[in-house]
Amino acid sequence: MIAVLAGVVTIISQSGATYSQTDHKDSLADNFTPHKIVEKRSLVEKLYKEIGLEDKLQYDAFEKAMVGYEQLNPKNKNIISIIDFTLPSTEKRLYVIDIKNKKLLYHTIVSHGRNSGEKYATSFSNRHGSHQSSLGFYITENTYQGGNGYSLVLNGLERGINDQAKPRAVVIHGADYCSEAVIKSTGRLGRSYGCPALPRELAKPIINTIKNGTMLFIYAQDQDYMAQSKILKQSQSLLAQHIDDADSSSFTY
């Protein structure tokens with residue numbers, strides 16, 4: 001699976017550069033010519049290492065997040081967030097990453113929906129009343145004070161997968177049931193109605209870091225999601241097309 005964006009090329013090659021400085025005249029397909037595939041894979045791997053994500057975030061989650069980052073072109077391109085639901089709730093599975101400065105800003109625990117599973121999140125839904133988490137790509141929006149305190153609106157971008165997040169009131173907020181104390185007493189985190197709930201003490205600083213137009217990717221090794229996500233399938237289709245057109249004798253990984 002290929003995943004790196006023209007903006008990442010700029011960020012790696014130019015100190016302090018951002019995605020907005022990239023020339024967007026080329027189409028997405030132009031960026032998947034065979035001679036660029038190896039280069040882009042190398043660059044995203046380099047970025048992954050420079051941020052220091054080895055032994056913290058599995059590469060496949062980061063790589064797929066970069067696919068969405070390339071295609072969605074978020075308003076705030078400096079920050080991305082990834083939730084890795086392949087990990088149990090007892091482990092730190094939220095990553096807030098400063099792409100511009102190549103830093104991991106926050107790495108903490110996060111709760112999943114009560115009907116998505118016990119210690120692990122294994123079932124996902126976009127349906128109202130499911131009390132399950134939804135996978136995929138989101139853009140963060142505004143903040144507000146609600147029943148769970150300071151909260152962040154999430155706009156799900158994948159039709160049929162997470163586009164009901166806003167109507168379901170799936171938001172980022174702090175919760176008492178998301179704490180190390182709960183893990184010690186119960187062996188897992190408490191669970192939400194589908195919201196990615198954070199520790200109370202980290203909710204506000206994290207929300208203020210990622211609000212207003214950053215990308216969030218909620219990842220799991222879920223075959224239904226992988227088959228349905230148009231964002232991921234588009235990149236796979238382009239990659240397959242160009243590999244088929246390539247001269248195999250001169251194109252190797």
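Reader: What do strand 2 and strand 3 form, and which residue in the turn has a positive phi?

Author: Strand 2 and strand 3 form a hairpin with four residues between them. Lys-102, in the turn, has a positive phi of about 55 degrees. Strands (E, at least two residues) and helices (H or I, at least four residues) are DSSP runs, numbered from the N terminus. The model is a predicted one, in which local features need pLDDT of at least 70 and side-chain atom pairs count only at pLDDT 80 or more, while totals for chains, interfaces and linings use all residues. Residues are numbered from 1 along each chain as its sequence is written, and side-chain values use heavy atoms, with hydrogens and water left out.

Reader: In what order do the eight strands form the open sheet, and which are the edge strands?

Author: The order is 3-2-1-8-4-5-6-7, and the pairing is mixed. Strand 3 (103-108) and strand 7 (197-198) are the edge strands, as each pairs on one side only. Strands of a sheet pair through backbone hydrogen bonds, either parallel or antiparallel.

Reader: What joins strand 5 to strand 4 and to strand 6?

Author: Seven bridges join strand 4 to strand 5, and these two run antiparallel. They form a hairpin with two residues between them, and Tyr-144 stands opposite Ser-151 in strand 5. Strand 5 is joined to strand 6 by three bridges, again antiparallel; there the bridge partner of Val-153 is Val-171 in strand 6.

Reader: Why is Glu-63 called buried?

Author: Buried means under 20% relative accessible area, exposed over 50%, and partly exposed in between (1.4 Å probe, protein chains only). Glu-63 has 8% relative accessibility, and therefore counts as buried. Glu-63 has its place in helix 3. Its C-alpha atom is separated by 8.9 Å from that of Arg-41, 22 residues apart along the chain.

Reader: What makes helix 3 and strand 2 mostly covered?

Author: In helix 3, ten of the 14 residues are buried, including Phe-62, Met-66 and Tyr-69. In strand 2, five of five residues are buried. Leu-94, Val-96 and Asp-98 point one way from strand 2, whereas Tyr-95 and Ile-97 point the other way. Strand 5 is also mostly covered, with six of its eight residues buried.

Reader: How many disulfides does the structure hold?

Author: A disulfide is a pair of cysteine sulfur atoms within 2.5 Å, and the structure holds zero of them. Cys-178 is buried, because its relative accessible area is 1%. Cys-195 is buried as well, because its relative accessible area is 8%.

Reader: What is the average pLDDT of the protein chain, and where is the pLDDT below 50?

Author: pLDDT is the predictor's confidence in each residue, from 0 to 100. The protein chain averages 84, and 77% of the residues score at least 70. Over residues 1-30 the pLDDT is below 50, and this stretch has 72 contacts in the model beyond near neighbours in sequence. Contact means heavy atoms within 4.5 Å. Over residues 238-253 the pLDDT stays under 50, and the model has 23 contacts for them beyond four places in sequence.

Key. Pairing = 2+ DSSP bridges.
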